[in-house]
Amino acid sequence: MKIHSLLTFLCFLFFFPVFSQEKVHVEDSYRVEELNRLGYEIRLTDPEQSISYAEKGLDLAKKLKNKKGTGEAHRVMGIGYSYLGQNTKAISNYLISLSHFKEAGHLEGQAKVYNNIGNLYLDID
């Protein structure tokens, strides 16, 4: 009986931290998505705040090595800069975003970035 209890305790001790770390990672990934979503939603009314949310999402996505989150953060930053008329910063962020989406194999993200680039050039003309 003592051996069974000891084995149960050891299994719990070794596996619990792994589950705990996975839960934190998932929650952080959701936080990245939420920050990027908030940044995108506020782009029309407050582009500076949009960029701020995206920068926070970018910092967290980089820590997590989350390519999709990093790509989306740069895309949202590009949109914010575009609304501020800072086209050079916008295109720079779009191209960085595109690179991250390509690395992640995220076709929808790539399509969104190409659309953003097209809209930027349309506005410039």
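Which residues of H4 are buried? The buried residues of helix H4 are Ala-90, Ile-91, Asn-93, Tyr-94, Ser-97, Leu-98, His-100 and Phe-101, where buried means under 20% relative accessible area, exposed over 50% and partly exposed in between (1.4 Å probe, protein chains only). These buried residues pack against helix H3 (67-83) and H5. Contact means heavy atoms within 4.5 Å. Helices (H or I, at least four residues) are DSSP runs, numbered from the N terminus.

The model is predicted: local features need pLDDT of at least 70, side-chain atom pairs count only at pLDDT 80 or more, and totals for chains, interfaces and linings use all residues. Residues are numbered from 1 along each chain as its sequence is written, and side-chain values use heavy atoms, with hydrogens and water left out.

H4 has 18 residues, and its end C-alpha atoms are 26 Å apart. Gly-105 follows H4 and has a positive phi, near 70°.

H3 and H4 pack at an angle of about 160°, with axes 7 Å apart. H3 is therefore roughly antiparallel to H4 (angles under 35 degrees count as roughly parallel, over 145 as roughly antiparallel, 65 to 115 as roughly perpendicular and the rest as oblique). Axes are lines fitted to C-alpha atoms over the stretch in contact, and angles run from 0 to 180 degrees between N-to-C directions. The H3 side of the contact includes Lys-67, Thr-70, Gly-71 and His-74, and the H4 side includes Asn-93, Ser-97 and His-100. By class, the contact of H3 with H4 holds eight nonpolar, nine polar and six charged residues. Here Ala, Val, Leu, Ile, Met, Phe, Trp, Tyr, Cys and Pro count as nonpolar, Asp, Glu, Lys and Arg as charged, and the others, Gly among them, as polar.

H4 (residues 87-104) also packs with H5 (residues 107-124), at about 160° and with axes 9 Å apart. H4 is thus roughly antiparallel to H5. Twelve nonpolar, five polar and one charged residues make up the contact of H4 with H5. Among them are Ile-91, Leu-95 and Leu-98 in H4, and Val-113, Ile-117 and Leu-120 in H5.

His-100 counts as buried, at 14% relative accessibility. Beyond its neighbours within four places in sequence, His-100 contacts Lys-67, Thr-70, Gly-71 and His-74. Ser-92 is partly exposed, with a relative accessible area of 37%. Ser-92 and His-74 are 18 residues apart in sequence and 8.9 Å apart in space, C-alpha to C-alpha.

How values were computed: Helix = DSSP H or I, 4+ residues; strand = E, 2+ residues; numbered from the N terminus. Expected span 1.5 Å × (residues − 1).
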